[in-house]
Amino acid sequence: YQDERFRLARVALMTVFIATSLFGIFTLWPAIQSAAPVVFGSETRDEYLTRTLDVYPAQMYMNDHLPLKARVLFCGDTRGFYLNRKYAWGDYGHNVEFSRKFSSVDDLIAYLKSRGVTHMMINFHFYPPRGKGTELVYRAIDECRFARIFPVDGSGAVGVYEVR
């Protein structure tokens, strides 16, 4: 009688385990498919990260080209794991140090420089459009006070700017 009870419990537990595994595989299939090439060696780590992480090429550029003492302000993004330079978050709500109102582009630039900011990385996928409290940043770009240095052709949603 007890052996039968344990057998039923084993079957029930095995059924739950198999169902949970299948559900996990089904729901994670897109991530599994995306990671499989790098896991099995048909794609390099850099190729994988370039394909799946939009800020990765910009951060690799900064690692290769910015001075070691550079300080980068992130706008529209908080992901700095692959950047080997000091950085701060610049979006409202992420960092009160940079969540101030400025009267002009000159005022904004002077403040950034006083905080040691030498460059900006802006992810336009997540950065608010012009006129949503971001007018001075867009004006600084238009006036080349934030000079785009990556990508040089101006393409892509993630740009790196030198603060001038």
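So, in what order do the five strands of the open sheet come? They go β2-β1-β3-β5-β4, with mixed pairing. β2 (86-89) and β4 (146-150) are at the edges with a single partner strand each, so one side of each has no neighbour in the sheet. From one strand to the next, the twist averages 30°.

Quick housekeeping: this is a predicted model, where local features need pLDDT of at least 70, side-chain atom pairs count only at pLDDT 80 or more, and totals for chains, interfaces and linings use all residues. Residues are numbered from 1 along each chain as its sequence is written, and side-chain values use heavy atoms, leaving out hydrogens and water.

About the terms: strands (E, at least two residues) and helices (H or I, at least four) are DSSP runs numbered from the N terminus, and two strands pair if DSSP finds at least two bridges between them.

Back to the sheet. β1 (residues 71-75) and β2 run parallel, joined by four bridges, and Val72 sits opposite Tyr87 in β2.

Now, Asn95. You'll find Asn95 in the loop between β2 and α4 (105-114). Is Asn95 buried or exposed? Asn95 is buried, because its relative accessible area is 17% and buried means under 20% (exposed is over 50%, partly exposed in between, with a 1.4 Å probe and protein chains only). Leaving aside residues up to four places away in sequence, Asn95 touches Ala88 and Trp89, where contact means heavy atoms within 4.5 Å.

Note on methods
Axes are lines fitted to C-alpha atoms, for helices over the stretch in contact, and angles run from 0 to 180 degrees between N-to-C directions.
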